[in-house]
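Subject: Structure handover

Hello,

Please find the structure below. My notes on it come after.

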Amino acid sequence: MQRRTFVKRLALAATLAAGGFAIAPTTYAADTIKVGILHSLSGTMAISETVLKDVALMAIEEINATGGVLGKKIEPIVVDPASNWPLFAEKARQLITQDKVAAVFGCWTSVSRKSVLPVFEETNGLLFYPVQYEGEELSKNVFYTGAAPNQQAIPAVEYLMSKDGGGAKRWVLLGTDYVYPRTTNKILRAFLKSKGVAEKDIDEKYTPFGHSDYQTIVADIKKFSAGGKTAVVSTINGDSNVPFYKELGNQGLKATDVPVVAFSVGEEELRGVDTKPLVGHLAAWNYFMSLKNPANDAFKKKWADYAKAKKLPGADKPLTNDPMEATYIGIHMWKQAVEKAKTTDTDKVIAAMAGQKFTGPSGFEAKMDEKNHHLWKPVVIGEVQGNGQFNVVWKTKGPVRAQPWSQYIAGNETKKDEPEKK
Amino acid sequence: MAAWGIAACAFALPPEAVSHIAFGDNDAKLSAIDELVGRGDLSALPLLQGLLDGEVQTIGADRVLLVKGDTAVDAVSGQAVTPVPEGRDDVVVNNRLRRALATGIAALRLAAPEREVRLAAAKELRNSADDAALPAIAGALTKESDPEVRGLLALTQASIELASPDRATRIGAVRALAASDTGATKTLLTALLERRGNVYVEPDAEIRAAAERSLRAVDQRLLTGEILARIFSGISLGTILLLAALGLAITYGLMGVINLAHGELIMIGAYATYVVQNVFRLHAPAAFDLYPIVALPFAFAVSAGVGILLERTVICHLYGRPLETLLATWGLSLLLIQGVRTIFGAQNVQVENPNWMSGGFEIMTNVVLPWSRVVIIGFTACIVVALWLLLTRTRLGLFMRAVTQNRPMAGALGVRTPRVDMLAFGLGSGIAGLAGCALSQIGNVGPDLGQSYIVDSFMVVVLGGVGQLVGTVYAALGLGLVNKFIEAWQGAVLAKIAVLVFIIIFIQKRPQGLFALKGRTVEA
């Protein structure tokens, strides 16, 4: 076969294959408001993102059951960007320009958000981003319902420095190699230095996406920890967490010796991992499934019923987590804003979003900041239990305002705390 | 259960300390734990252990219970409480308390009659002991007869005594620490040798000299441990590469089929393991630990079956046309991925390790070999030996080699080449299935599992020399070791890049790979 024919066939096959992965939208009656759901349902991030798709569908079903928005039903359009960052941009464009969705709920990794950002700004779309992230961004077209660094990373490190957290003196900053861990670690490094931690007491390490062999890393952490009280800050994302925690358990590195605090590990990521060797490792979020309050009980029940009714994988052990809460809050706030604006027009909804309030499953009233497109959220730090749940060991008294521009990055003092209006 | 019995009949604990443990804040809890441990009274053990295991619960503002399953015992009096009352609250502990509890329990257990318990306690104390534990350690040392426990305790005592104001004690401690092999000792000794400005932290020159000698001994041992650990992790990574590549060494190496669906055959083996695991969990939870024994032949059979099906329906029509084979097998791999995604869902599935494959065993304090990896190394060695025997000692192996080297001649001599092709392809696929079964124990199992191994597999086979089993073995182990040593030095991301660059250069210089096939072969 000639080379050129071969290349052509290869390209043809690739197109066919890619086409096969798209999920056909369910058809609804004509008079609906469409929203897009943009989460990876396959690939390395599927472990985290699939449930966000499901909880979004649940929230939409819930809203539709009570009459929808502006008298119309919401029609969700689900696409699968397959943990493939450029595909996120393509799918986002398709949602906005072809399906004409009023808003998109989606993305997990910052690299996927960065790749869709130009699309949303160009087409004046509306994105609700439900995951904690590194800050350093403020777009008029995005609402950030996850935590900024001052609502997660900084309090977690402060806790580990405190007497109750173990008084850590040395720090391993371990992450997946992309923008979120790199930026978070840059902020944390500056923060640690401001607290008097010396350069030699900070060790920064990265692994590629999907990395599965953590022998060397864990051995190195062990060696580093011999030099004094050590804590590990993990920004490992996706399914790499499973082999990482397995290796920690197998090599006998216990939380009482070296606690690991993770920013992207919640109940869902620990599903099926034997957590008995991991008891005491920490996670910092704005919500845990184990929180005891009526709003959370109702949310958990709703989710368990929904998972059972839809026969979702894992319905026998329904779990809720922080980004699910953030997704749920995001959809409800969008609904409230649309009703306030009496239209789905992007600019009017953006204006109506300011100051929206919604009592989320965390039991606190989350408020969309009037200016900076971020939520006011409480911070909670939990320790892993033998049953895969988190036991809250520290929390803030109330919601904390987000600071997307961290004071620990030089040059941020002059940045405005609201998006540039175009 | 023995300790439980003791608790029930032992005399009461001080109610005040118990109440502090249950209702006080963390500082009150800590001092109460210290108090209980300081009494050196074994009857506090069940309460402390229960606190660690989350079995201590409270009722109202005064009663403290130890609840285990559906039995409850009053923590103060040790009397059984039946029936177990309702409305209980958990007593929550955090890492700080857990650390104190573990140390306290270990200090109490030093007096236990069983050697294993004392040894475990001594190991626990090694990492966490402080001044408070010194009397318990000194007391235990006077009674201890077992040399291993004694050794550990003496080291722990020495590392605490380094801070002693008495010069003779300090010198003794520094000298004793030469026998240690922990990184923590290194830190302690290095601290002695530090200077602040022009003044040494340790004013006594004799102690400094002793510390230097001890430090050298400890360093030597730490270095040995580190190198051992690196070699082990390199071999472990190497065997994983080898497992993934062995099947391909047959289908691509021996038969010349560029099989891009090889990774998916591994993935199918992993899913077969998952299915067997679920069947065991559902129907024979008692025998759950034995599921890998059933999963192995099942994974082999399923993957071999799928492989033979692919060979008979698609690949057998494409022999001698590498580009079409490449394209067809790539298409097949996409089909298989989508098929698995449709059946099992796009998310990863969880394959749980049986108990005997969890945890690890410690050969030095800084070298822990995880059981799962040790088992996989042994398993891979068995497959390689079995495969070698099959290829060199059996009739099928003879036919396979004959067909590989000279197909028309083998055919002319009466070998049914299509049948040999089918069996060889089935064998290669089956081994991929076994690889999947093993990989499911240490990595993630998802529809994309195969994609992450296919490139590595081809890399290993090409580097080793196409058509050579022994080349594949050397190449896999070599790549594993090189990768791990670079990772230790430059990080995981650069290690991966460095290995790829190395292979590109190597193949440029030596296209036939490490070992070239010698002899009279006929190109198909």
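The notes cover the two chains, the contact between them, and a few local points.

This is a predicted model, in which local features need pLDDT of at least 70 and side-chain atom pairs count only at pLDDT 80 or more, while totals for chains, interfaces and linings use all residues. Residues are numbered from 1 along each chain as its sequence is written, chains are lettered from A and ligands numbered from 1 in the order in which they are written, and side-chain values use heavy atoms, with hydrogens and water left out.

Chain A

Chain A has 11 helices and 15 strands (DSSP runs, H or I of at least four residues for helices and E of at least two for strands, numbered from the N terminus). Its radius of gyration is 22 Å, close to the 22 Å that the globule rule gives for 422 residues, so chain A is as compact as a globular protein of that length. The radius is taken over C-alpha atoms, and the rule is 2.2 Å times the number of residues to the power 0.38. Along the principal axes, the C-alpha atoms of chain A fill a box of roughly 65 × 65 × 50 Å. Of the 422 residues, 63% are buried (under 20% relative accessible area; exposed is over 50% and partly exposed in between, with a 1.4 Å probe and protein chains only).

Helix 7 of chain A, residues 215–225, is largely enclosed by the rest of the structure, because nine of its 11 residues are buried. Among them are A:Ile217, A:Val218, A:Ile221 and A:Phe224, and also the charged-type residues A:Asp220 and A:Lys222.

Most residues other than glycine have a negative phi. A:Cys107 has a phi near 75 degrees and sits in the loop between strand 3 (103–106) and helix 4 (110–123). A:Cys107 counts as buried because its relative accessibility is 0%. A:His373 has a positive phi of about 65 degrees; its loop runs between strand 12 (365–368) and strand 13 (375–376). With 6% relative accessibility, A:His373 also counts as buried.

Chain B

Chain B comes to 21 helices and nine strands. Its radius of gyration is 31 Å, whereas a compact globule of 524 residues would have one near 24 Å. The box filled by its C-alpha atoms is roughly 90 × 70 × 40 Å along the principal axes. Buried residues are 50% of the 524.

B:Asp289 is in the loop between helix 12 (262–283) and helix 13 (291–313) of chain B. B:Asp289 counts as partly exposed because its relative accessibility is 26%. Beyond its neighbours within four places in sequence, B:Asp289 is in contact with B:Pro354, B:Asn355 and B:Trp356 (contact means heavy atoms within 4.5 Å).

The contact between the chains

How many residues does each chain bring to the contact? Chain B brings 52 and chain A brings 58. The area buried between them is about 4,500 Å², with 49% from carbon and sulfur atoms (the accessible area, 1.4 Å probe, that two parts lose on being put together, summed over both). B:Asn95, B:Arg99 and B:Gln347 supply 14% of the area that chain B buries against chain A, more than any other three residues.

Regards
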